[in-house]
Amino acid sequence: MKIKKIDPQCNLETVIDGRGGIFTWNPTDPIVEWNFMFINPGKVRGNHYHKEFDEYMLITSGNGVMISRDSKDEPEEFLYLGKGDCVYVPRNTPHAFNAITDCT
C-alpha cells in the first residue's frame with residue numbers, strides 16, 4: 001500500500017509538565033492545500049486521486065478506514081484510522097475514506 005500512517009513526534013516535557021501535550025507531524029513534501037472536512041457515518045469521501053499534489057489527512061475525531069488499491073487487478077487494502085491518526089497519500093494514488101462514525 002502506498003498510503004502510509006505518519007506517527008507524530010513529541011517533546012515529552014510537554015506531557016510531563018502536566019499541561020497536556022504537543023504532538024508534531026513533519027511532512028516530507030510541501031503541503032499545497034489544506035481542507036477541514038465533516039464526514040457522516042456510513043458516507044464515503046474520495047474515490048479519486050490527485051495528479052498535482054500529495055494529500056495528508058489528520059483525524060481529529062471519529063473512526064473510519066482509508067481504502068486504496070495499486071491497480072484494478074489487485075485487492076483493496078485499508079488502514080483503520082481514529083482520532084490522532086495522520087496519513088500520507090502520494091499523488092496519483094487512488095483512495096477513498098469511509099466513515100464508521102461521525103468524523104472530522
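Helices and strands here are DSSP runs, a helix having at least four residues and a strand at least two, numbered from the N terminus. Welcome to this predicted model, whose protein chain holds one helix and nine strands.

**Overall picture**
- The C-alpha trace of the protein chain spans about 50 × 30 × 25 Å along its principal axes.
- The protein chain has 104 residues, and 30% of them count as buried.
- Among contacts with a separation of 6 or more, 69% come from residues 24 or more positions apart.

**The four-stranded sheet**
- Four strands form an open sheet in the order β4-β9-β6-β7, and their pairing is antiparallel.
- At the edges sit β4 (44–48) and β7 (77–82), each of which pairs on one side only.
- From one strand to the next, the twist averages 20°.
- Strand β6 (residues 63–68) joins β7 through six bridges in the antiparallel sense, and Ser68 has Glu77 in β7 as its bridge partner.

- In soluble globular proteins, nonpolar side chains tend to be buried together.
- The largest nonpolar core in this model has 12 residues, including Ile3, Ile39, Met57, Ile59, Met66 and Cys103.
- Strands β7, β8 (86–89) and β9 (95–99) each supply at least two residues of this core.
- Leaving aside residues up to four places away in sequence, Ile59 touches Leu81, Gly82, Lys83, Gly84, Asp85, Phe97 and Thr104; of these, Leu81 and Phe97 also belong to the core.

Conventions: Residues are numbered from 1 along each chain as its sequence is written. This is a predicted model: local features need pLDDT of at least 70, side-chain atom pairs count only at pLDDT 80 or more; totals for chains, interfaces and linings use all residues. Side-chain values use heavy atoms; hydrogens and water are left out. Two strands pair if DSSP finds at least two bridges between them. Axes are lines fitted to C-alpha atoms, for helices over the stretch in contact, and angles run from 0 to 180 degrees between N-to-C directions. A nonpolar core is a set of buried Ala, Val, Leu, Ile, Met, Phe, Trp, Tyr and Cys residues joined through side-chain atoms within 4.5 Å. Buried means under 20% relative accessible area, exposed over 50%, partly exposed in between (1.4 Å probe, protein chains only). Contact means heavy atoms within 4.5 Å.
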